[in-house]
Amino acid sequence: MSTSIHAKPLAAKVSSKTAFFAVLACWLLVVFDGYDLIVYGTVQKALLNEGWGLNDATLGTIGSLAFLGMLIGALLAGRLSDTLGRRKTILSCAALFSVLTVLCAFAPNAMVFGGLRLLAGIGLGGLVPSVNAMVAELVPERWRSGIATLMMSGVPVGGSIASLLGMGIVPNYGWQPMFVIGGAALVIVLPIAWATLPETMPATTHTKAGFGAQGFGALLQRKYVVASMVFAIANLATLFAWYGLATWLPKLMTGLNYDLGSALVFGLVLNLGAVAGSVITAWAGDKFGPALTGAVAAALAGVGLGVIITHPPVGVVYAMLVLAGIGTHGTAALIIAAVANYYPHYLRGTALGWTTGVGRIGAVLAPQAAGLMLQSGFGESSNFLLFALGAGCSAALLLVTAVLTKSKTA
């Protein structure tokens, strides 16, 4: 293997001012990534009334299509960002999901709508590993865990915006404007990203080694294989809980006899909890390590979701949803931080793509599983139990990753 594969990233030559604006642009793109993901949960009831012949099971299928696209996008973009560079991959993914999200507003039927969500998901899924790989190379190592966790706060910030807008727009103007708004990234943030993002991978990094010299096969080498599998499966369980809630919460709360307006408030509370979780877990992850912090956060999310099953008073439900938001999304962000720290820079994008890609399997399964359970008459509580089990599984696996990452550091 050529020694050029170990060359330092170009980010070493980037000024602090350039790095700041590049990180900010990446965060803004993640905000729109989060908006475009969560917006589907805010329009589900309206889609049922669209005349497309949808039911709970088919709503779950459509919800899963975006996450299937994200799985494909994460696997492809993570690898491409290590080969072609972070900048090109980030800009391409952002343009793709922005255009296709707008087109969803003009879909004439459920089949076209689902296909557009699938294709938009490729861009949505490709953005996250690419921006995290870039940011890991733009910030000092001592800040990497905290910044990676804060970077992912953009997802629930975008989700909160979707929930807030949905309260006023969906009942009065229908579901279509919600998807048109998602295209704002194309005209507002993408030009900023174009002007500020540096290229953080040197052109020589892979030219001598070749496209296949590194990649997913390298993650299965003896020194990486256990960590690669455990990180990925823990992320799968975490995203099963997070995106299951993000997709179905308004519908679940409506099923528990809350009207659409108050049900959307519950979605907002969940996303605000996730925003708070990004700040809290960023601090805790730097202090105690991202894997160990993630294990604790995931366990707390499981407890919170378990409490909701007992049908407590509304105030307790709000508190438990905050806890669930902190624990599920915070844990997903911490896994990203742990992976960014664990692998060398020339494998970082691939490792992030692998971890987030496998994690999207959980995101694909959750909407479908929840929809089928509702359609089969199991009730809303069964879904909360299902998501609580996902959080608990993640907590157990992250205890293993805490040992692995500690061992590597030592």
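**How α10 meets α13 in a predicted model**

Me: What makes the crossing of α10 and α13 left-handed?

Reply: The crossing of α10 and α13 is left-handed because the near helix is turned anticlockwise from the far one by less than a right angle. Keep in mind that this is a predicted model, where local features need pLDDT of at least 70, side-chain atom pairs count only at pLDDT 80 or more, and totals for chains, interfaces and linings use all residues. Residues are numbered from 1 along each chain as its sequence is written, and side-chain values use heavy atoms, without hydrogens or water.

Me: Why is α10 called roughly antiparallel to α13?

Reply: Helix α10 (residues 225-255) packs against helix α13 (residues 314-342) at about 150°, with the axes 10 Å apart. Angles over 145 degrees count as roughly antiparallel, so α10 is roughly antiparallel to α13.

Me: Which residues of α10 and α13 meet?

Reply: On the α10 side they include Phe231, Trp242, Leu245 and Met253, and on the α13 side Leu321, His329, Ile335 and Tyr342 are among them. Contact here means heavy atoms within 4.5 Å. The residues of this contact divide into 17 nonpolar, 5 polar and no charged.

Me: How confident is the predictor in the protein, as mean pLDDT?

Reply: The mean pLDDT (confidence in each residue, from 0 to 100) is 81, and 89% of the residues reach 70 or more. Over residues 1-12 the pLDDT is below 50, although this stretch has 27 contacts beyond near neighbours in sequence. Residues 202-213 also lie below 50, with 21 such contacts. Where pLDDT is low, predicted coordinates should not be read in detail.

Key:
Axes are lines fitted to C-alpha atoms, for helices over the stretch in contact, and angles run from 0 to 180 degrees between N-to-C directions. Helices (H or I, at least four residues) and strands (E, at least two) are DSSP runs, numbered from the N terminus. Angles under 35 degrees count as roughly parallel, over 145 as roughly antiparallel, 65 to 115 as roughly perpendicular and the rest as oblique. Ala, Val, Leu, Ile, Met, Phe, Trp, Tyr, Cys and Pro count as nonpolar, Asp, Glu, Lys and Arg as charged, and the others, Gly among them, as polar.
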